[in-house]
Amino acid sequence: MHNKILLTGINGQVGHALKLKFLQDEVIALSREQLDLSKVHDIRRIVREVKPDLIINPAAYTAVDKAETESELAFAINATAAQVLAEEADRLNAGLIHFSTDYVYDGTKKEAYIESDEVNPVSVYGRSKLAGEDAIRALCLPHLILRTSWVYGAYGKNFFKTILRLASERDSLRIVVDQFGAPTSSECIADAVAQLVDRWQPNQENQTGIFHLTNAGSTSWHGFSCEIINAYNCLHEDRKWPELKVNFENIAAITTADYPTPAARPANSRLDNTKLKNTFNIELPSWQVGLQQVMQTLSL
Ligand SMILES: NC(=O)c1ccc[n+]([C@@H]2O[C@H](COP(=O)([O-])OP(=O)(O)OC[C@H]3O[C@@H](n4cnc5c(N)ncnc54)[C@H](OP(=O)(O)O)[C@@H]3O)[C@@H](O)[C@H]2O)c1
């Protein structure tokens, strides 16, 4: 039972969804302007003022490509700030729920990753998120590190919204077909975290550590794009949304090599969620169901 929650990064996708989810609870919900995680003294001061029972930290440096040239800032927010939040939570005997990423893996495994698999990030962003995980795990406080993937939603900047914009502007798209993962909606993450907060017994040893938390199933970015267009087209007449220019025939499947980016991405981002189910009896719906739910909430 957590009486007072401190929530960071409320203008991000997951932070925003969590803020809405916890409206009824006593939540101190802070934007970057109210709690800048690059300022260690501010983190300590604010956590000590608020005295939460639980800190939930979805704030992060998430600009994967930019991180290649902003390593210091990425590490300050994803690693140092995570460590300081954990130290302050520890000091208050509070719990910490922190978010991490599929990008801690190199993507060379054939099957879906389990939590105990070897990590080997291939980007600065991935290394900075891993450093945050390690810093939290080095302390003995009760914590949940939730590794998720391919986050999107009706709110915020993400692949889903970019595809809808491009599909209304262009006649054709070229989308990567050889990276696989689970598109995971911020709303589904918030639902699962609300259940976790209810069920979490921080003093039980098996309820601390790393958990994978994604929508079920997997696809490629190309497969996800086709399903986004499909889901949009199913609703657009009823909703009087404008017709898209793109249809399935003109979404070209390209390879990662055809679309070079500053940061490398894992080819296999699939995360096995069995540990979450076995420990907390929490299972997220399929990514297709997650997508339909997001599309229902979209307003253009
Ligand atoms: N997005 C993905 O595909 C993805 C995939 C796997 C894991 N994750 C992880 O999931 C978590 C949630 O990601 P998300 O998709 O919700 O990210 P997001 O939409 O990019 O939001 C990140 C939030 O962090 C805030 N932030 C950045 N720098 C900050 C600072 N110095 N101080 C305080 N806040 C700061 C941003 O503030 P502003 O709004 O002011 O910019 C933003 O609100 C993160 O831990 C991320 O690493 C994300």
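Colleague: What share of the contacts with a separation of 6 or more comes from residues 24 or more positions apart?

Modeller: In this predicted model, residues 24 or more positions apart account for 80% of those contacts in the protein chain.

Colleague: How many helices and strands are there?

Modeller: The protein chain holds nine helices and twelve strands. Its radius of gyration is 19 Å, close to the 19 Å that the globule rule gives for 300 residues, so the chain is as compact as a globular protein of that length.

Colleague: Switching to charges, how many salt bridges turn up?

Modeller: A search of the whole structure finds twelve salt bridges, and one of them joins the side chains of E88 and R44 at 2.7 Å, N to O. That pair links distant parts of the chain, with E88 in helix α3 and R44 in helix α2, 44 residues apart.

Colleague: Is E88 buried or exposed?

Modeller: E88 is buried, because its relative accessible area is 1%, under the 20% cut-off, whereas R44, at 24%, counts as partly exposed.

Colleague: What about R147 and E133?

Modeller: Their side chains also meet in a salt bridge, at 2.7 Å from N to O; R147 lies in strand β5 and E133 in helix α4, 14 residues apart, and both residues are buried.

Colleague: Which residues are joined into one network?

Modeller: Salt bridges with shared partners connect R44, R48, E87, E88 and R91.

Conventions
Residues are numbered from 1 along each chain as its sequence is written. This is a predicted model: local features need pLDDT of at least 70, side-chain atom pairs count only at pLDDT 80 or more; totals for chains, interfaces and linings use all residues. Side-chain values use heavy atoms; hydrogens and water are left out. Helices (H or I, at least four residues) and strands (E, at least two) are DSSP runs, numbered from the N terminus. The radius of gyration is taken over C-alpha atoms; the globule rule is 2.2 Å times the number of residues to the power 0.38. Contact means heavy atoms within 4.5 Å. A salt bridge is a side-chain nitrogen of Lys or Arg within 4 Å of a carboxyl oxygen of Asp or Glu. Buried means under 20% relative accessible area, exposed over 50%, partly exposed in between (1.4 Å probe, protein chains only).
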